[in-house]
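Subject: Structure handover

Hello,

Below is the structure for you to take over. My notes on it follow.

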Amino acid sequence: MGLGKVEKSRKILRAVKTLVFLITMLASLLILSAPILLVITDTLLPSALLSVSIPFSSLSLETISSHLQNYDFRYSIIDIPLISIIRSIVIFFVYCLCDGPRLSRGPYLGVTMVCSLLSLVFVSIKAPYVFSAQVKITEVALFMSSVVLAVGHIVVAYRISCRERRKLLIYKIDIEAVSACHKGFPTYNKLLQEVRVK
């Protein structure tokens, strides 16, 4: 009887360890793919919220084109998803162009900051006009999602920048270690030369 309990507790312990391992691996995958997931979310979420705020029966290309033709900065909310889509495309394009050293500083972090801050300024200027009349929950959610995703882009770009700087720092240390060992030890070379001379 005691042997069965020990075997059962080992199985439970193994299952818990496997579950922790899987959760850790999934978290690591989500962290590494955060820019891509954020771009996808930034493209789809505001568009979905806009489609909820427009009646489904009138949702068509004609309706969207009429919203664009009758655009008024104070009342129209169709520009919020467009700003999010443009922001996501630009950030993703720069992310794809940059490799390790360029992700650590420069274009990716700079473009992400500029795009996100410009969209934040646009949304904060537009919000008082839209919310001065009637406040709908979907419009509040649309504005909040745009703000949160813009800040999310900045945070992810900063985290990637820090991660790439750490990689460069480790890479420099490794290069110094390898170059020191590649030259060999100076005393060993002197002994080897003395042996050859004798």
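Ser-119 sits in helix H6, residues 107-130; helices (H or I, at least four residues) and strands (E, at least two) are DSSP runs numbered from the N terminus. Ser-119 has a relative accessible area of 3% and is therefore buried, where buried means under 20%, exposed over 50% and partly exposed in between, with a 1.4 Å probe and protein chains only.

The model is predicted: local features need pLDDT of at least 70, side-chain atom pairs count only at pLDDT 80 or more, and totals for chains, interfaces and linings use all residues. Residues are numbered from 1 along each chain as its sequence is written, and side-chain values use heavy atoms, with hydrogens and water left out.

Ser-116 is also placed in helix H6. Its relative accessibility is 0%, so Ser-116 counts as buried. With neighbours within four places left aside, Ser-116 is in contact with Arg-87, Ile-91, Ala-150, His-153 and Ile-154. Other buried residues of H6 include Tyr-108, Leu-109, Thr-112, Cys-115 and Lys-126. The end C-alpha atoms of H6 are 34 Å apart, which agrees with the 34 Å that its 24 residues should span at 1.5 Å a residue; the expected span is 1.5 Å times one less than the number of residues.

Helix H2 (residues 34-53) has 20 residues and reaches 28 Å from first to last C-alpha, close to the expected 28 Å. Among the buried residues of H2 are Ala-34, Pro-35, Leu-38, Asp-42 and Pro-46.

On packing: a nonpolar core is a set of buried Ala, Val, Leu, Ile, Met, Phe, Trp, Tyr and Cys residues joined through side-chain atoms within 4.5 Å. The largest has 14 residues, and those with the most contacts inside it are Tyr-95, Cys-98, Leu-103, Tyr-108, Val-156 and Ile-160. At least two residues of this core come from each of H2, helix H4 (79-97), H6 and helix H7 (137-183). H7 gives the most, with 4 residues. A second, separate core of 11 residues includes Leu-49, Ile-77, Val-130 and Leu-142. Val-156 touches Ala-34, Pro-35, Leu-38 and Tyr-108, residues up to four places away in sequence not being counted.

The whole structure holds 2 aromatic pairs; rings of Phe, Tyr and Trp (its six-membered ring) pair if their centres lie within 6.5 Å, and planes under 30 degrees apart count as stacked, over 60 as edge-to-face and the rest as tilted. The rings of Tyr-95 and Tyr-108 have centres 5.3 Å apart and planes at 55°, so this pair is tilted. Because Tyr-95 lies in helix H4 and Tyr-108 in helix H6, the pair ties together parts 13 residues apart in sequence. Both Tyr-95 and Tyr-108 are buried.

From the record: the unreviewed UniProt entry lists residues 20-40, 75-96, 108-129 and 141-160 as "transmembrane region". UniProt positions are in the numbering used here, feature names are shortened, and annotations may be inferred rather than shown by experiment. In the model, residues 20-40 are 95% helix and 0% strand, with end C-alpha atoms 27 Å apart. Residues 141-160 are 100% helix and 0% strand, with end C-alpha atoms 28 Å apart.

For the chain overall, there are 8 helices and 0 strands, and 27% of the 198 residues count as buried.

Regards

Notes. Contact means heavy atoms within 4.5 Å.
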